[in-house]
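Please look over the sequence and the 3D view below. Keep both at hand as you read.

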Amino acid sequence: EDKIIHKDCNGVVLNAGDSVTITKDLDVKGAGFTAKQGTAVRNISLVPNDETHIEGRVNGVKIQLKTCFLKKS
């Protein structure tokens, strides 16, 4: 049985409900804003069947973020 494990840019395991920090300015497609470096994303959700993405709210908008641009805080 293969279990999907989500990891941040440093290899730290992420769990649902964790808080992460964005490590690079990211353009958000369709929302018209940039998620700035250092922004805290709290209470994340894990994307099932995809270990490279999580869901979280940035500027009040729920978006998917790649885990390679996140650091657990």
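The model is predicted.

## Strands β5 and β6

Start with strand β5, which covers residues 45-46. Strand β6 covers residues 53-58. The two pair in the antiparallel sense, over two bridges.

β5 and β6 form a hairpin. Six residues lie between the two strands. Look for N49 in this turn: its phi is positive, at about 65 degrees.

## Strands β6 and β7

Now move on to strand β7, residues 61-66. β7 pairs with β6, again in the antiparallel sense, and the pairing runs over six bridges. Within it, V58 stands opposite V61 of β7.

β6 and β7 also make a hairpin, with two residues between the strands. Here N59 takes a positive phi, near 55 degrees.

## Leucine 70

L70 sits in strand β8, which spans residues 70-72. Is L70 buried or exposed? Its relative accessibility is 0%, so L70 counts as buried. The cut-off for buried is under 20%.

Which residues does L70 touch, leaving aside its neighbours within four places in sequence? L70 is in contact with D8, C9, V20, T21, I22, T23, I54 and L65.

L70 and K36 are 34 residues apart in sequence. In space they are 12 Å apart, C-alpha to C-alpha.

How values were computed
Residues numbered from 1 in each chain as written. Predicted model: local features only at pLDDT ≥ 70, side-chain atom pairs only at ≥ 80, totals over all residues. Heavy atoms only, no water. Pairing = 2+ DSSP bridges. Helix = DSSP H or I, 4+ residues; strand = E, 2+ residues; numbered from the N terminus. Buried < 20%, exposed > 50% of the residue type's maximum accessible area, 1.4 Å probe, protein only. Contact = heavy atoms within 4.5 Å.
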